[in-house]
Amino acid sequence: MFAYYLDLALRSLKRNRVLTTLMVLALALGIGATITTLTVLRLLSGDPLPQKSAQLFYPQIDPNSKDGYLEGQTKPDLTMAYPDAMALMHAKRGTRQAAMAMTQAKIMPDKAHARPFFSDAVMTTADFFAMFDAPFQYGSGWSEADDESGAELVVIAGFLNDKLFGGTNSVGKTIRVGDHDLRIVGVLKPWSPQPRFYTQGMGSRSYGDGDAVFLPLRTARAMEMGPQDTECYAAVEDFRHLETAPCEWLGVWVELNNEGAVAGYKQFLDGYVKQQIAIGRFVRPDTSLLDLMSLMREQQVVPDDVRLQADLAFGFLLICVVNTVGLLLAKCLRRSQEIGVRRALGATRKEIFSQFMVEAGMVGLAGGVLGLAFAELGLLGIRHQPAQYASLAHLDLSMFAFTFVVALVASLIAGLLPAWRASVLAPAPQLKAA
Amino acid sequence: MDIRPILSTLHRHKITAWLLILEIALTCGIVCNAVFLINQRLQRMDIPSGIAEHNLLQIKFAYVGDQTDAYAQAQTDLATLQQIAGVQAVALVNQLPLSGHAMSNSGIKLRPHQRQASLEVASYYGQNLLTTLGVRLISGRDFQPDELIDLKSVLPALHGGELKDLPHTVIVAQAVAVRLWPDQSALGKTIYFGNDIPMQVVGVSAPLARPNMLQMGAQNSIVFPIRLTAAEGGSYVIRTNPRDREQVLKSALAALKRLDPNRVVLEQRTYDELRQDHFQDDRAMAGILVGVIAALLLVTALGIAGLASFWVGQRRRTIGVRRALGATRANILHYFQTENFVLATIGITLGMLLAYGINLFLMLHYELPRLPAIYFPMGAITLWVIGQLAVLGPALRAGAVPPVVATRSV
C-alpha cells in the first residue's frame, strides 16, 4: 500500500509543480536556517569534556570587603588569590587539583632570521593534563616536585611542535620562551576543548584554537610572566609580587569522583572560608562549587547573539510550517473529487489520511535535502563571520541526520491538518459535483 | 465595495483563512522585532568617537613588562616619528575610543569618603593626547608640560597615598561635566579617585567615546596628565593626512623597527580599521537579520500567492457566474484585493500583539529596550503592501476568467 501512496503522492506533486516547489522551498529555507543556527548553538553550548565534565568542579570563594555585599545575592568571584589557590592545592581534598592562569609566551624560534612571536600559554600545576584528559603525542606532563622546585620545563601543543620542530619528537629539546631556555617534556596531540572552559574569568578567549605552551606556575612566575587578567580586592602596593598581593588571578579546578566527595569538598571549602574569616582575612562567607557544565551556564558562555539567532530561526521555521500547512491544505481540497472517487471505490478514511501523510512526508524529505544545502550555505556564511568560533561551524553526522528528522517532523505536523480534512470529506457531494 | 460577501465566503474557508492570518501575524511579529534589532545595531555602530578618525594611525607593540630605559626609548620613538614626512602629530596613549579593550576605568567621587562612586568613566592618558586625537577643548585649558607624571611613579603613589607623585589636574569630557554638574561650570571643581585622591578639573573636552562598555555611558571619559611607555601597554598614535596613511604607516613602522628590531608588533592599522573591527560582530548580525527578514517576507508572499491562486482556481465557476451577471474585470480584481486586505488587517492586528509580546520576551532575556511605537504602523504598511503585491497575480488571473465558464459544467 505504501508504494501505491508513494506513487500517488509523486503524481500529485508533479501535477502542481509551482505549488510543490513553493512548499519545498519554504520548508527548506526554514530548515536551513534552523539547522545552521542549531549547529552553532550546539557547538557553543556543547560539553567540552563529555567523559569527564561531571567530575570536574570549580571552587569559588569571595575575599572582597563588606562594601556592596548583599547576603545571598552576591556571587563569589571567578578567580582566587595565590594564597587561597595554594591552600586548596596543598589540602589535596580532590582526586586531582590544578590551579591555572592564562598568559602570553614570547617564543623565540631557534632558526636565524625567524621572528619572535607571541602564543597563548597556560601557567598551571602538575595535575592539569591528567585531570582534563589532555592526550600526549610524545613525553608526558611534569610532576608535583617540578611544581615545587619551579623546574624550567614546558609542555607544548602539537601545532607548535609542527611549527618549530616539523612534527618530530622534540622531547628533551629546548625552546626559548621569553629569555629562558625551557626543556620540553611533553608534546600534546591536538587538544582544544570547546568552549575553552578553563579560561573563564581569566581574560582569554572562550572559543577557538588551543593554547600553545603549558608551563609550571612557579616557573612562569619566576620568568615574570603575568596573568592576562587580575582583579584586586584591596589597595595594591606592588603589582609585581602577585603572590602576596590582594589580587585574584588563579582559577582552581578539582576532580571529585562521587557525590560524597563533592559534599565533602563543599564542607571543606566552607570550613576554609570560616577559618579565613576567623583570622580576619575574609568577611564574606559565601562559597560555590559548580560542576563544569553548571559553571558554563552560570557564566552564560554562549553569546547572546547566537541564542537570539536560534530563537529567530525557530520563529522562521514556524512560519514556514504554517505556510506549508496552508499550501498542502489548498492542494488536498482541490482534489476533493479524486478523494470522493477513491472513497466511493472503497478506500477507508485511514487510507486517505495515510496517503496525504505520505505526500506531506515526501515534501518534507525534499525540503530536508534542499534544507541541507541551505544549511551548508548558511554555515559557509558563518565561517566567514568574524567571531572566535566561526571556523568551528561545520555540519557533523548527527546534525546531518537531525536535519532530516526536523524536516520530516515539520512536514508531518504540517500534513496533519490537511490529511485530516481530506479524510473526513464526505464522498457523496464530491461525486455529485463531478 | 461591500465586504459582506467576502466575509461570508471566508466563513466557508475558515481553516485556510486562519492559516493565512496566522502566517501574516507571525511574520509581522517577527519582522517588526528583527527590524528593531537591526536598528539597534546600526545605532551602536554610529556612535561618534569624538576624534579625527580618518587622520589617525595606531601602532602597538606587545607588552614587555618593566624596562629601565622605557621612558627614554619612548621619547626617542616619539621624536623619530615626528620627523617622518607627512606626520602631523604623534602621541603615546593608553587606549583609544571604541577599541574594545579598556586598560583603564575609574570611579569618580564628588566628596571624600563617599562609599559608591558617582560615575564610572574610562580614563585616558598619554602624552600629547588631545592635540593628536583632535579632541577640541570646550572650555578650560590643556595640560601644561610640567603637569605630566610618569605612570611608573603614579602606580605606587596611587596605593601608597603619596600625593606629590600623583596628577592634580584632570580634563573631563562634556558628558561627564553635564552629568556631574548639570547647571554649573565644571572648571575648578574637585573630584576624588581611589582612596580620596583629589584632582581639579582644568578643562572640559568635546565628546570622547569610551573604548568599550558603551552601555555605561558611551561618552563618559576623562583624561589624566600621565605619561606612559609602549612597554607599559601604550600605543603610538600618529595623525596624518588621510591620503598619506598607508605611506606614513609603512615609514613609521620601519623607523620604529630600526630603533629596536626585537619589538613584536601587535597592531598596525588606521583608526578606521580599528573601528571596523570593533563593530564587526554587529555588522555580521545586522547582515543575518536583513537576510532573515528578506527570506521571511518572501516566504509569506509566496504563501499568500499560493493560497490566493488556489482560491481563484476553486472559484472559477462562481467568478464566471458573476461575470455573466455583469461584474466587470475590475470588480473581480477588487474582490480578491479586498479579501486579501481584510485577511491582512486581521493578521496585522494579531501581529501587533505578537510583536509586543516578542519584544517583552526579548527585553526579559536579552536586555533590549522597548519597541518604539513607530514600528507598528511601519510593519502594518509593509505587510499590507506585500499582501497586495502577492495577491495581484492570482487576482488578475481571476479577472481574466471569461463569463462563458459559467455555462460549462467544470
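**Exercise 1. How close do the axes of helix H10 and helix H11 of chain B come, and at roughly what angle do they cross?**

Before we start, a word on the model: it is predicted, local features need pLDDT of at least 70, side-chain atom pairs count only at pLDDT 80 or more, and totals for chains, interfaces and linings use all residues. Residues are numbered from 1 along each chain as its sequence is written, chains are lettered from A and ligands numbered from 1 in the order in which they are written, and side-chain values use heavy atoms, with hydrogens and water left out.

*Solution.*
- Step 1: The axes of H10(B) (residues 316-324) and H11(B) (residues 329-366) come within 10 Å and cross at roughly 140°.
- Step 2: That makes H10(B) oblique to H11(B). (Angles under 35 degrees count as roughly parallel, over 145 as roughly antiparallel, 65 to 115 as roughly perpendicular and the rest as oblique.)
- Step 3: The crossing of H10(B) with H11(B) is right-handed.

**Exercise 2. Which residues of H10(B) and H11(B) meet?**

*Solution.*
- Step 1: From H10(B) come Ile319(B), Arg322(B) and Arg323(B), and from H11(B) come Arg329(B), Asn331(B), Ile332(B), Tyr335(B) and Phe336(B). (Contact means heavy atoms within 4.5 Å.)
- Step 2: Sorted by class, this contact between H10(B) and H11(B) has four nonpolar, one polar and three charged residues.

**Exercise 3. Which residues of H10(B) are buried?**

*Solution.*
- Step 1: Ile319(B), Gly320(B) and Arg323(B) are buried in H10(B). (Buried means under 20% relative accessible area, exposed over 50%, partly exposed in between, with a 1.4 Å probe and protein chains only.)
- Step 2: Looking down the axis of H10(B), these buried residues fall within an arc of 100°, so they line one face of the helix.
- Step 3: The buried residues of H10(B) pack against H9 (280-314), H11 and H12 (375-399) of chain B.
- Step 4: After H10(B) comes Gly326(B), with a positive phi near 115°.

**Exercise 4. Are H2(B) and H11(B) parallel or oblique to each other?**

*Solution.*
- Step 1: The axes of H2(B) (residues 14-45) and H11(B) come within 7 Å and cross at roughly 40°.
- Step 2: H2(B) and H11(B) are therefore oblique to each other.
- Step 3: H2(B) passes H11(B) in a right-handed crossing.
- Step 4: The contact of H2(B) with H11(B) has 21 nonpolar, five polar and no charged residues.

**Exercise 5. Is Thr403(A) buried or exposed?**

*Solution.*
- Step 1: Find Thr403(A) in helix H13 (residues 397-424) of chain A.
- Step 2: Thr403(A) has a relative accessible area of 0%, so Thr403(A) is buried.
- Step 3: Leaving aside neighbours within four places in sequence, Thr403(A) is in contact with Ile31(A), Ile35(A), Gly368(A) and Leu372(A).

Methods. Axes fitted to C-alpha atoms, helices over the stretch in contact; angles between N-to-C directions. Helix = DSSP H or I, 4+ residues; strand = E, 2+ residues; numbered from the N terminus. Left-handed = near helix turned anticlockwise from the far one by under 90°. Nonpolar A, V, L, I, M, F, W, Y, C, P; charged D, E, K, R; others polar. Arc of directions from axis to C-beta.
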